[in-house]
Amino acid sequence: ELLGDSPSSFSSSEGDKGHQDGATDTSDTVRGEEELRRLDGGTVHVDLLNNNNSQYYGDFSLGSPGQRFTAVFDTGSGITWVPGATCSSSTCSEHHQFGTEHSKSFEETGQSKNEGTIHYGTGEVHYQDGKDTLTFCDSHSDPGCHGPKASRLKVPNQPFGMSTSQTDYPFRILPFDGILGLAPSKNTGSVMHALKESSALKKNIFGVYLSQDSHRSGSIDFGGIERAHISPHSPLTWHKIQSPQEWSLDMKDLLVDGKPLHICDDRPNGTCPAVVDTGSSLITGPTGEIEKLLSKVRIKDDCSNQSKLPTVSLRLADKDGVLTDYPLTPKEYTLQGLDEVPQTGNSEYLKEFPVLGGSGDKVPELKPHCDPGLGVMDVPGRKWVIGDTFLRRYYSIYDDDRGLVGFAKSIHPDEPVPGADLASKTRQDSKTMTAGTQGMWPIA
């Protein structure tokens, strides 16, 4: 457990109401366990494809009849947009495009076509506004919207943008069509706003699991959570959102091997605003603050020092003001892949066609490559962003009715179940004892 300036001490500042670990709970009654049980099983489950641990995107449809799209399910945005049919660039034509004339339920937002522009870090999108029915189909019981209609969640009168132009970079090379905004319902452009207005869900809540392995999908569950993606005995901790229009939490500090960096000390109330954003790949902070962290977690390109790097913890204030630490190991806050070593492999070709299994083929060498899952980003309000680096390790729950975000430790398919070894050993000991006593009794 990480307890302040040293592993054996913790001193609460004025106004703090104690301290707890966000990843583990060793008490007999695990914090939030009963609530996780009640929330298990939502209305519709949608798989989220993993694009190299950089973006997570899923399926939905727009219009009547439905036109299918893929988009990043983005808690950091209140805008939904897809490529429009009037966009003539290759960037748009190589993705799915929405045609207003093909939908019976499409509505323009006013007498004149409203236009807007969204600026991203490396590109921008120009769009026209409209409204239509948005539909989520359950990835398990209704994949591709070809199954029973009961496994569908309809969002009527959802405002969205139809792009009229998009920059080639980065949108042309991305595998998804657009963005689906999941900011809180007070943000009137958000899907959560239309969902709440239509009373489509009994509970205006959704849970998000982001896969660690890019060959496996993540998921989002509307109306509940998927407890199978939460580590057994993990506590659930709730945090109040600090703005009705975004999932912004109170971050108190960052810790390196349990030692506070005092990053937020000079902010009002010693708190840094931090937005929980499934649409951002990294944990980012503003210039002048995050450098304190980056200087202590310098990862080498070849990953050779990864095992020597420290544990990094985010310290957040929970809904009752209790300081909660969420640790990340070096493996969890770095992005690791494999690169081909130049000029170490070759293949035979017959004109432009490869000759498979040719006598001159040489398998290229591969080397590990690491990038940090942390970075610098200056946004209005000097906000921190809690992106996918964190959200892969912690299952996130967004409760729009109560204005809360909850975190519980995720469990991934290749991770052992906590306590499973002990339970297995106990069963084995029991079998041994039974076998050992069978020969003690006379046979009648």
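Colour the chain by pLDDT, the predictor's confidence in each residue, from 0 to 100. The average over the chain is 87, and 87% of the residues score at least 70. This is a predicted model, in which local features need pLDDT of at least 70 and side-chain atom pairs count only at pLDDT 80 or more, while totals for chains, interfaces and linings use all residues. Residues are numbered from 1 along each chain as its sequence is written, and side-chain values use heavy atoms, with hydrogens and water left out.

Next, select residues 422–427, where pLDDT stays under 50. For this stretch the model has zero contacts beyond four places in sequence, a contact being heavy atoms within 4.5 Å. Then select residues 430–444: pLDDT stays under 50 here too, and again the model has zero contacts beyond four places in sequence.

Now look at two cis peptide bonds. Helices (H or I, at least four residues) and strands (E, at least two) are DSSP runs, numbered from the N terminus. Select S64 and P65: the peptide bond from S64 to P65 is cis, with omega near -5 degrees. P65 sits in the loop between β3 (55–62) and β4 (67–74). Move on to Y169 and P170, whose peptide bond is cis with omega near 10 degrees. P170 belongs to helix α3, residues 168–171.

Two asparagines come next. Select N53, in the loop between β2 (44–51) and β3. The phi angle of N53 is near 60 degrees, a positive value in a residue other than glycine. Is N53 buried or exposed? N53 has 15% relative accessibility, so N53 counts as buried.

Select N269, in the loop between β14 (259–260) and β15 (272–276). Phi of N269 is also positive, near 60 degrees. At 73% relative accessibility, however, N269 counts as exposed.

Finish at R392, in the loop between α6 (388–391) and β25 (394–399). Lys and Arg count as positive and Asp and Glu as negative; His and the chain ends are not counted. A salt bridge is a side-chain nitrogen of Lys or Arg within 4 Å of a carboxyl oxygen of Asp or Glu. R392 is buried yet has no salt bridge. Which side chain of opposite charge is nearest to R392? That side chain is D388, 4.9 Å away. Leaving aside neighbours within four places in sequence, show the contacts of R392, among them N53, Y56, L210, Q212 and H412.

Methods:
Buried < 20%, exposed > 50% of the residue type's maximum accessible area, 1.4 Å probe, protein only.
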